[in-house]
Amino acid sequence: MALVAGEGDLPLVILKNLVASGETPVVYAIRPDWQDIEAYGLSVIPVKEINLVKIFGSLVFRRIKRLLLAGYVSKTVIYDDSADSEIKGIVAGLDDRNDHALLGAVIDRVEKLGISVLGYDSILPDMIASEGHIAGPEPSASDLADVDYGRAVLGRLLPLSFGQSLVVCRRSVVAVEAMEGTDETITRAGGISGAGVLVKGMRADQDRRYDIPVVGTKTLESMAESGLSCLAVESGNVLIMDREKLSEAASRHGISVIGMASCPSS
């Protein structure tokens, strides 16, 4: 087994669960703090620059048959003129270069190597958000109105493979997440409205094996700095990192965290 570990806490949580279950995956670390992984006594391969030719070759050489992918990896590699032949070939073959299409093409290539790509659900079943109140104070009526508005907007945007998160204030969209990521979206919204709610969901046909949205204490810290008062995540489709720490942060910052019903399709 191998784990491709991007940035963030999710790869570390997955790794902890894998080791506890007796697995000893090879870790391809696409993150600056890869030394944290060495504490598990596993084989760690630091990936300083994304080169799919080398990564695929290593997977085959090591006879990897099962693969997990977790964590943030910047999509800006598609704009790198020095990208390797695998990346250039995958990008050239896509009519649509959104996250859904790009990740799907990479997974297809991995599977052609005879490697099964595994999902998170069986490893992290307790982290999937449920509907209803999750942490912090109960949301205000105005926050709930903004959540309802944002949920309707997400239903239109998610099929287009952008807008996984958006900030709404007084039933008006303040910021929409694109390639920059959730935290930068929150910061941008803070500079515009200084208030509002963050609504986060997942495209209906998104591949749950490797691309489930994630929230955690860092999300709440960013929201607090930007003046946001409520985090609403799509139940069944968002992973919540370390509920105990998230609950403490939500109470400390006075931020409501709720699980909302699935976003309506357009």
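## Pairing and the parallel sheet

Two strands count as paired if DSSP finds at least two bridges between them. In this predicted model, β2 and β3 meet that mark, since three bridges join them, and they run parallel. Within this pair, Ala 29 sits opposite Pro 46 of β3.

Both strands belong to an open sheet of five strands, ordered β3-β2-β1-β4-β5 and paired in parallel. The edges are held by β3 (44–46) and β5 (116–117); each has a single partner strand, so one side of each is left without a neighbour in the sheet. Helix α1 packs on this sheet, where it touches β1, β2 and β4, and its direction makes about 145° with that of β4.

## A look at helix α1

Let us stay with α1 for a moment. Which residues of this helix are buried? In α1 (residues 10–20) they are Leu 10, Pro 11, Leu 12, Ile 14, Leu 15 and Leu 18. These buried residues pack against β1 (2–5), β2 (26–29), α2 (35–38), β4 (66–70), β10 (214–215) and β12 (239–240). Just after the helix, Gly 22 adopts a positive phi of about 95°.

## Nonpolar cores

The largest nonpolar core has 28 residues, of which Ala 2, Tyr 28, Leu 59, Leu 67, Leu 69 and Ile 90 touch the most other members. At least two residues of this core come from each of β1, β2, α3 (52–61), β4, α4 (85–92) and α5 (99–111). The largest share, six residues, is supplied by α5.

## The mixed sheet

Now for the other sheet. Here six strands form an open sheet with mixed pairing, in the order β6-β13-β11-β9-β7-β8. At its edges stand β6 (132–135) and β8 (173–176), each with a single partner strand, so one side of each lacks a neighbour in the sheet. On average, neighbouring strands are turned by 25° against each other, direction ignored.

Strands β7 (residues 165–168) and β9 (residues 197–200) run antiparallel and are joined by four bridges, with Ser 165 opposite Lys 200 in β9. Helix α6 (residues 141–157) packs on the sheet, touching β7, β8, β9, β11 (230–234) and β13 (256–260), and its direction makes about 35° with that of β9. Helix α7 (residues 182–192) also packs on the sheet; it touches β7, β8 and β9, at about 150° to the direction of β8.

Conventions: Residues numbered from 1 in each chain as written. Predicted model: local features only at pLDDT ≥ 70, side-chain atom pairs only at ≥ 80, totals over all residues. Heavy atoms only, no water. Axes fitted to C-alpha atoms, helices over the stretch in contact; angles between N-to-C directions. Contact = heavy atoms within 4.5 Å. Buried < 20%, exposed > 50% of the residue type's maximum accessible area, 1.4 Å probe, protein only. Core = buried A, V, L, I, M, F, W, Y, C linked by side-chain atoms within 4.5 Å.
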